[in-house]
Amino acid sequence: MKTTRLMHALLAASLFATLPASGAESKPAATKPTAPAAAAVAATPQLQAAGSELLFVSRQMGVPVEGRFKKFDAQLAFDPKKPETGRVAFSIELASASIGAPEFDAELAKAAWFDSKRLPQASFQSNAIKALGGGKFEVSGKLSIKGQSRDLSVPISLTQAGGVTTATGAFVLKRLEFKIGDGEWADTSMVANEVQVKFKLLFSGIAPL
């Protein structure tokens with residue numbers, strides 16, 4: 001019986017606490033709970049797949065060939081006012097690589113190229129973010145593909161409109177450092193060693209620049 005009375009008392013107290021207070025104290029009671037919730041949402045940026053793209057351009061016999069990765073994801077903790085405290089984790093499904101023709105896409109999945117059945121993902125993990133001014137930043141970290149890891153610094157430009165932050169940038173990697181194009185394809189007169197990577201990533205939930 002005592003336990004029942006205690007539960008009733010606690011229930012009554014909680015219901016009373018939710019009633020609006022009278023006079024000047026009613027406004028703080030209504031607004032305080034919403035601020036932390038809004039901050040929590042803003043602190044968790046989300047990648048918007050629609051409109052985002054990750055492209056690569058290689059040269060075969062001197063002719064540029066553009067491809068894209070259709071599936072990738074990013075986890076981001078980033079405050080433009082405190083970029084040094086941010087971090088970026090990026091993953092790519094290598095089997096989603098496409099240069100626009102099924103027979104060539106099947107070749108990319110083989111062991112000599114991305115070996116995507118055995119090693120399905122590439123990843124980038126940041127270890128430093130530096131502000132360069134004017135909405136530009138440098139993100140440094142480790143890029144890992146086919147079991148090979150290399151240091152990488154990526155220049156990124158941010159623009160904002162309508163609650164969406166767009167991150168754009170490009171960098172060059174050397175495919176042979178990651179064993180992309182092994183064996184007969186290691187001949188750089190056939191396929192150039194340098195591959196340009198370009199990206200446009202759309203995020204919601206990033207604080208104003």
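Strands β6 and β7 form a hairpin with two residues between them, and Gly134 in the turn has a positive phi of about 65°. Strands here are DSSP runs of E with at least two residues, helices are runs of H or I with at least four residues, and both are numbered from the N terminus. The structure is a predicted model, in which local features need pLDDT of at least 70 and side-chain atom pairs count only at pLDDT 80 or more, whereas totals for chains, interfaces and linings use all residues. Residues are numbered from 1 along each chain as its sequence is written, and side-chain values use heavy atoms, with hydrogens and water left out.

The pairing of β6 (residues 121–133) with β7 (residues 136–145) is antiparallel and runs over nine bridges; two strands count as paired if DSSP finds at least two bridges between them. Within this pairing, Gln125 has Lys142 of β7 as its bridge partner. Strand β7 is also joined to β8 (residues 148–161), again in the antiparallel sense, by 10 bridges. A hairpin with two residues between the strands is formed by β7 and β8, and Lys146 in its turn has a positive phi of about 50°.

The search of the whole structure gives six salt bridges, a salt bridge being a side-chain nitrogen of Lys or Arg within 4 Å of a carboxyl oxygen of Asp or Glu. One of them links the side chains of Glu66 and Lys198, at 3.9 Å from N to O. Because Glu66 lies in strand β2 (residues 63–69) and Lys198 in strand β10, this pair ties together parts that are 132 residues apart in sequence. Glu66 is partly exposed at 43% relative accessibility, and Lys198 is partly exposed at 30%. These classes follow from relative accessible area, with buried meaning under 20%, exposed over 50% and partly exposed in between (1.4 Å probe, protein chains only).

A salt bridge also joins Glu138 to Lys130, with the closest N and O atoms 3.7 Å apart. Glu138 counts as partly exposed at 27% relative accessibility, as does Lys130 at 45%. In the salt bridge between Asp151 and Lys142, the closest N and O atoms are 2.9 Å apart. Asp151 is exposed, with a relative accessibility of 62%, while Lys142 is partly exposed at 39%.

The largest nonpolar core comprises 39 residues, and those with the most contacts inside it are Leu54, Phe69, Phe72, Phe90, Leu201 and Phe203. Such a core is a set of buried Ala, Val, Leu, Ile, Met, Phe, Trp, Tyr and Cys residues joined through side-chain atoms within 4.5 Å. At least two residues of this core are supplied by each of β1 (46–60), β3 (72–77), β4, β6, β7, β8, β9 and β10. The largest share, five residues, comes from β10. With residues up to four places away in sequence not counted, Phe72 touches Leu47, Ser52, Glu53, Leu54, Phe90, Ser91, Ile92 and Leu201, where contact means heavy atoms within 4.5 Å.

Ser96 is placed in the loop between β4 (87–93) and β5 (97–98) and is buried, with a relative accessible area of 10%. Its side chain reaches the backbone nitrogen of Lys71 at 3.1 Å and the backbone oxygen of Glu93 at 2.6 Å. Apart from residues up to four places away in sequence, Ser96 touches Arg68, Phe69, Lys70 and Lys71.

The loop between β9 (164–174) and β10 (194–204) holds Leu176, which is partly exposed at a relative accessible area of 32%. Leu176 is in contact with Gly181, Ala186, Thr188 and Asn193, its neighbours within four places in sequence being left aside. The C-alpha atoms of Leu176 and Ala192 are 9.5 Å apart in space, and the two residues are 16 apart in sequence. Lys179 is also located in the loop between β9 and β10; although not a glycine, Lys179 has a positive phi of about 60°, and it is partly exposed at 40% relative accessibility.

Asp115, likewise not a glycine, has a positive phi of about 50°. Asp115 is found in the loop between α4 (102–108) and β6 and counts as buried at 10% relative accessibility.

Conventions. Polar contact = N/O pair within 3.5 Å; in protein donor to acceptor, adjacent residues only side chain to side chain.
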